[in-house]
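The following briefing sets out selected features of a model, grouped by topic. Please read it alongside the sequence and the structure shown here.

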Amino acid sequence: MWVLLGVLAVVLGFALRLNPLLTVVIAALVTGLAALIAPGLTPVMLWHGAVDTLAVLGKAFKDNRYISVTWLILPLIGLLEREGLQERAKTLIQRLKSATTGRLLLIYMVIRQGTAALGLTSLGGHPQMVRPLIAPMAEAAAEAQDPNLSDQSRNRVKAFAAATDNIGLFFGEDIFIAIASILLIKGFLETNGIIVQPLHLSVWAIPTAIVALLVHGGRLMLLDRRLRKEAGL
Amino acid sequence: MIGLSVLYVVAGLMFALFAIGSATDRTNPRRWGNTAFWTLFAVSFLAGSWLPDVVNGLILVAMALVAGFNWMGRGQPAPQTDRAERAERWGDRLFVPALIPPIVTLAGTLWLKHVSIGGQPLVDPKQVTLISLGAGILLATATAMIMFRARPAVALSEGRRLMDSVGWAALLPQALAALGAVFAVAKVGDVIGGIATDWLPLDGPLASVCAYTLGMALFTMVMGNAFAAFPVMTAAIALPLIIGKHGGDPAIVCAIGMLSGFCGTLMTPMAANFNIVPAALLELPDRNGVIRAQIPTALILLIANTVLMYVLAFRF
């Protein structure tokens, strides 16, 4: 039970708006030490426990370096922004008279979900697609409608651009048979003596995928209506 | 064989150059914090495999302290007013370098697996996608530098400008993965699974379905990762009750159970690379702005998943 102190540390850290990175490291140390709590615990044992926890943390930190390799894209994105990529993306949208924020994001969602369903999960993402292209395009569409777009609405449009990437990815990728989560489910069931085919799993991801498209697509249309209202149209 | 270690060296060098750039950036009032942070990151990438685990742990702690004491700042980029003009000049050619990484990733993922030299695979088969992505990024960066006649120093300072806008959040996904490992060793999941079965009413099929989908979402919010929640909640609720006692179809229950976990991912700051990092990248004033935009969709989808599981699992 004591290990739940680590979870509590996470919740408290986020609730008190402590720096999340610091929160995570504190939670890891609390969890490691809380796991030791038992009658007869000595300071020496506590010290060894702290060193062991640091080692587990350090090994996992090192083994997960691949997660941060994506940042290699930033010099490229920076160069392209310097030459006006965001402005060009905006021009592209302003030329399409019928483009609205909601419609644009809906099209992106369909593409993101469709490509993820084919296993092409790395064709989108926040550093490589949302920041340089999708968010500026969504902003430009909102500006075209309302030249006096408020900062609040501008930030909402950006947040929706990021959300659309996430939702399209999450509720598309499980339709692909070789994605990590499908393989995890298959492996887990297998160790429990249940054999399922990946295709059988991925088929049952389709109903939720359709609902996700309808629900989030509907919310994007509502976003359009809200922006229109604010523009006084 | 080309493995991830090659990418680690490239990333390590990039962060080392970011550190040097930060040290000489007089427009950043907290430049030494940035220098320390990116130096530590560079050391982790370049030497992490050879350092003892405890030292890697200390590197992470040190980076968290630099971030936690708010020692990181941002430099003022040189003012640049002719972006629209430049965009006009390049036209749609600007999109070419932006499209190289996805295309190379796709092509590499499909073909590199089959390339071998003297019976040895050219690229580590388990890491083909990431290595293709890395190769695509490098190729695109080289193309952009030639196209724009930009020196490597320009690419680096532009990259650092963006990196500074992300700041410590760049490390958060990796740190959360490390926290997940500590949780796993301390068996946090088993304790939470035990609480779920002890406290939730689980008699009928509907109650167990609700407990499972809701439990997946909540546990995913705590761990930041549906993959960590899935084995625990499925072993605690889905296998013995929905599948064992009530005869639900395992494929349907597990597929929809995982998607219920994804609803939790949309609602938690613990899923940093999906929720916190984009807020930093898009320079949103509210760190939780992306989560706020996602909560209504996530809640409706969680209800939809519960209904779908209940309607489908006992019928097929």
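Of the 316 residues of chain B, 56% count as buried, where buried means under 20% relative accessible area, exposed over 50% and partly exposed in between, with a 1.4 Å probe and protein chains only. This is a predicted model, in which local features need pLDDT of at least 70 and side-chain atom pairs count only at pLDDT 80 or more, while totals for chains, interfaces and linings use all residues. Residues are numbered from 1 along each chain as its sequence is written, chains are lettered from A and ligands numbered from 1 in the order in which they are written, and side-chain values use heavy atoms, with hydrogens and water left out.

**Chain B overall**

- Chain B contains 14 helices and 2 strands; helices (H or I, at least four residues) and strands (E, at least two) are DSSP runs, numbered from the N terminus.
- Along the principal axes, the C-alpha atoms of chain B occupy a box of roughly 70 × 50 × 45 Å.
- Among contacts in chain B between residues at least 6 apart in sequence, 71% join residues at least 24 apart, a contact being heavy atoms within 4.5 Å.

**Domains**

- Chain B is assigned domain 1 (4–166) and domain 2 (185–313), with bounds that come from an automatic or database domain assignment.
- The C-alpha centres of these two domains of chain B are separated by 33 Å.
- Chain A likewise has a domain 1 (3–66) and a domain 2 (84–231), and their C-alpha centres lie 35 Å apart.

**Annotated regions of chain A**

- An unreviewed UniProt entry places the feature "transmembrane region" at residues 25–47, 167–189 and 201–222 of chain A; positions are given in the numbering used here, feature names are shortened, and annotations may be inferred rather than shown by experiment.
- Residues 25–47 of chain A are 65% helix and 0% strand, with end C-alpha atoms 17 Å apart.
- Residues 201–222 of chain A are 91% helix and 0% strand, with end C-alpha atoms 33 Å apart.

- Helix 3 (residues 43–63) of chain A and helix 3 (residues 53–68) of chain B cross at roughly 85°, and their axes come within 6 Å; axes are lines fitted to C-alpha atoms, for helices over the stretch in contact, and angles run from 0 to 180 degrees between N-to-C directions.
- Helix 3 of chain A is therefore roughly perpendicular to helix 3 of chain B, since angles under 35 degrees count as roughly parallel, over 145 as roughly antiparallel, 65 to 115 as roughly perpendicular and the rest as oblique.
- Residues making this contact include A:Leu54, A:Lys59 and A:Phe61 of helix 3 of chain A and B:Asp53, B:Asn56 and B:Leu60 of helix 3 of chain B.
- The residues of this contact divide into 11 nonpolar, 3 polar and 3 charged; Ala, Val, Leu, Ile, Met, Phe, Trp, Tyr, Cys and Pro count as nonpolar, Asp, Glu, Lys and Arg as charged, and the others, Gly among them, as polar.

**Helix packing within chain B**

- Helix 13 (residues 272–281) of chain B packs on helix 14 (residues 289–313) of chain B at an angle of about 130°, with the axes 7 Å apart, and the two helices are therefore oblique to each other.
- The contact involves B:Phe274, B:Asn275, B:Pro278 and B:Ala279 of helix 13 of chain B, together with B:Val290, B:Ile291 and B:Gln294 of helix 14 of chain B.

**Individual residues of chain B**

- B:Ser208, in helix 10 (residues 205–223) of chain B, is buried, with a relative accessible area of 0%.
- B:Val43, in helix 2 (residues 31–47) of chain B, is partly exposed, with a relative accessible area of 35%.
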